Amino acid sequence: MIFVDFVWLFLYFDRLGFLISVQEKPRMKTAFVFFLAILSCHISSAQREKKYLGAEVRTFETFKYGKFEVRMRSCKGSGVVSSFFTFYDEPDFPQNWNEIDVEMLGRYDHEVQFNTIIGRHNMKEHRQTLDFNPHEDFHVYGFEWYPDSIVWFVDGVRVYAQSGDRIKKMNQPQKIMMNVWPPNIWAWSGVWDESILPVCAAYDYVKYSAYTPEKDEIFTHRWTEQFKDLDYGKWQKATHTFKENNAEFIPDNAVIQDGYLGSAEKLKFNICKKPALSARQAGFLLSSFQIRLSDPELC
């Protein structure tokens, strides 16, 4: 609200001639705009609900049944979760919850968690042992969602399934989502360790195949998102938080590192905080999508 007032004041002064025209004094106007941006950054930071900054990306489109796949590398460290999931994102979700999860807890080096949540947050979870460390390299995770069962897979191998009446209630259209966040449920995620910041999950691609039981192939490939650029007609960066989350999701913490394996100078910067990745931490696959968690340190 304060930022809006300053923008109005800037436009008012400009109209009255207190600011010289762009043609005459472009540097003066640019400097004033930059000043307003810095001021708004400090104001918005002071008004944040949570101490930490995470990120979430979701599709605009919803999906009902199908095959959902991601190639990703998760964050390491106690108290942080990296995820790939689908979620029923409508106002009545607290009473009609539908969610299918793939979650990596940074506290565990050889494990992934699969969940379904229905109704009033009725959750059934499964901890799957892995023969590799999900925080060290990219692997493929996903699930096949049928009307009466859900089957999770890792690197193309089916490893776990849920079925029956519970899954028949998983019947709401859902968005595809990815996020990184520090839960305040330490018994689950591990005691929060601030010293791990900044951390970063990387997503190489997301693939969706429609459920087509009437065809020879029960799943028909529809699209693969490789994140060479973020398609803002398909994907939305979240700007919210929730009770169990010790971070606030902000758009600037979801970035594309477009084909660069080197130093942090090549990453996108936010004037409100230092770059969340150092040169030592920036070794990601080409065109991977990165969601990071950082401490909101100001300039």
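User: How many residues does the hairpin joining E7 to E8 run through?

Analyst: This is a predicted model, with local features needing pLDDT of at least 70, side-chain atom pairs pLDDT 80 or more, and totals for chains, interfaces and linings using all residues. Numbering starts from 1 along each chain as its sequence is written, and side-chain values use heavy atoms, without hydrogens and water. Strands here are DSSP runs of at least two residues, numbered from the N terminus, and two of them pair if DSSP finds at least two bridges between them. E7 (residues 139-145) and E8 pair antiparallel over 5 bridges, and the hairpin linking them goes through 3 residues.

User: Which residue in the turn between E8 and E9 has a positive phi?

Analyst: E8 pairs with E9 (residues 157-163) in the antiparallel sense, over 6 bridges. Their hairpin leaves 2 residues between the strands, and the one with a positive phi, about 50 degrees, is Asp 155.

User: Which side chain makes a polar contact with the side chain of Lys 175?

Analyst: Lys 175 sits in E10 (residues 175-181) and counts as buried because its relative accessibility is 13%. A polar contact is an N or O pair within 3.5 Å, where one atom must be able to donate a hydrogen and the other to accept it within protein, and sequence-adjacent residues count only if both atoms are side-chain atoms. At 3.1 Å, the partner is Asp 89.

Definitions and conventions:
Helix = DSSP H or I, 4+ residues; strand = E, 2+ residues; numbered from the N terminus. Buried < 20%, exposed > 50% of the residue type's maximum accessible area, 1.4 Å probe, protein only.
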